[in-house]
Amino acid sequence: MSVPETPRGIAAIRERLGYQPVLLAVSALLAGAALTWAHGATKAPIAAAEASDLRATLTQVMPEGFADNDLLTDVVELDGARGPVQVHVARRAGTPVGAVFRMAERGYAGEVALLMAVDADGRVLGVRVLKHAETPGLGDKVDRAKSPWIDGFTGKSLAEPAPAQWAVKKDGGVFDAFAGATITPRAVVKAVRGGLEFFSAQRAQILGGRS
């Protein structure tokens, strides 16, 4: 037979029930504060690491000594076909001599993002893939660490090869594809050509009116 709760017992239960939400609220506040602190503590190191990686890639797509300014900070934002594009202006003795910027296209398994450099005449100085999710052993050959294929764009422009030949050989163009993986190189070719078209359209803004 159960014993009826005494007024004192009921009060104790109510106190416990009231205490639990307060405890949960305090725990949530402490957890939120800890996450905020952790985010703040790691934000600067993460940003520094990203900047270091970008600086290294910027130098990889441009010949040594081509520019003497800080490409990481000499940046302008211009309108591209798919939204704003951050352009790193290359200068030598203060004169704009080229640019480096990011382009991207859809590959087989996701976006293929690349960084490309062009000189003042619109010739490709170098290209590096920044990220991709392509099939290992097939599409990942666009990565310079896996294959020198990406070097085939160096020296190319909108005039060389001719517009109709800006495609992989399977589609009547001049660029090699990979056995069993045509979609990925197609995406890179399209991205590089798109980058050259972007530079051509924005050349005056990038080079500051240089003829």
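Figure 1. H2 has 25 residues. From its first C-alpha to its last, H2 reaches 34 Å, close to the 36 Å expected at 1.5 Å a residue. That expected span is 1.5 Å times one less than the number of residues in the helix. At Ala201, H2 bends by about 60°. The bend at a residue is the angle between axes fitted to the seven residues ending there and the seven starting there. Just after H2, Gly208 takes a positive phi of about 70°. Helices (H or I, at least four residues) and strands (E, at least two) are DSSP runs, numbered from the N terminus. The model is predicted: local features need pLDDT of at least 70, side-chain atom pairs count only at pLDDT 80 or more, and totals for chains, interfaces and linings use all residues. Residues are numbered from 1 along each chain as its sequence is written, and side-chain values use heavy atoms, with hydrogens and water left out.

**Figure 2. The protein chain and its elements.** The secondary structure comes to two helices and five strands. From the N terminus on, the order is α-β-β-β-β-β-α. Of the 211 residues in the protein chain, 35% are buried. Buried means under 20% relative accessible area, exposed over 50%, and partly exposed in between (1.4 Å probe, protein chains only). Take the contacts between residues at least 6 apart in sequence: 45% of them join residues at least 24 apart. A contact means heavy atoms within 4.5 Å.

Figure 3. Five strands form an open sheet in the order E1-E2-E3-E4-E5, with antiparallel pairing. Two strands pair if DSSP finds at least two bridges between them. Strand E1 (75-80) and E5 are the edge strands, and each pairs on one side only. The twist averages 30° from one strand to the next. H2 packs on the sheet and touches E1, E2, E3, E4 and E5. The direction of H2 makes about 145° with that of E3. Axes here are lines fitted to C-alpha atoms, for helices over the stretch in contact, and angles run from 0 to 180 degrees between N-to-C directions.

**Figure 4. Strand E3 and its two partners.** E2 and E3 pair in the antiparallel sense over six bridges. Val87 stands opposite Phe101 in E3. On pairing with E4, the antiparallel bridges of E3 number nine. Ala99 stands opposite Val118 in E4. The hairpin of E3 and E4 has four residues between the strands, and Gly110 takes a positive phi near 155° there.

Figure 5. Eight of the nine residues of E4 are buried, so E4 is largely enclosed by the rest of the structure. E4 and E5 are antiparallel and pair over six bridges. Leu114 has Val129 as its bridge partner in E5. The hairpin of E4 and E5 has four residues between the strands. In this hairpin, Gly122 takes a positive phi near 80°.

**Figure 6. The largest nonpolar core.** This core has 33 residues. A nonpolar core is a set of buried Ala, Val, Leu, Ile, Met, Phe, Trp, Tyr and Cys residues joined through side-chain atoms within 4.5 Å. Phe101, Met116, Phe153, Val188, Val192 and Ile206 have the most contacts inside the largest core. Strand E2 (83-92), strand E3 (95-106), strand E4 (111-119), strand E5 (124-131) and helix H2 (183-207) each supply at least two of its residues. H2 gives the largest share, nine residues. A second, separate core of twelve residues includes Leu72, Val100, Leu115 and Ala117. In soluble globular proteins, nonpolar side chains tend to be buried together.

**Figure 7. Phe101 and its surroundings.** Residues up to four places away in sequence are not counted here. Phe101 touches, among others, Val85, Val87, Leu114, Met116 and Val118. Gly195, Phe198 and Phe199 are also among the residues that Phe101 touches.

**Figure 8. Val127 in strand E5.** Val127 has its place in E5. Val127 is buried, with a relative accessible area of 1%. Leaving aside neighbours within four places in sequence, Val127 is in contact with Val61, Leu114, Leu115, Met116, Ile150, Phe153 and Val192. Val127 and Val192 are 65 residues apart in sequence, yet 8.1 Å apart in space, C-alpha to C-alpha.

**Figure 9. Ser157 in a loop.** Ser157 lies between E5 and H2, in the loop. Ser157 is buried, with a relative accessible area of 11%. Not counting residues up to four places away in sequence, Ser157 touches Gly122, Arg123, Trp166 and Leu196.
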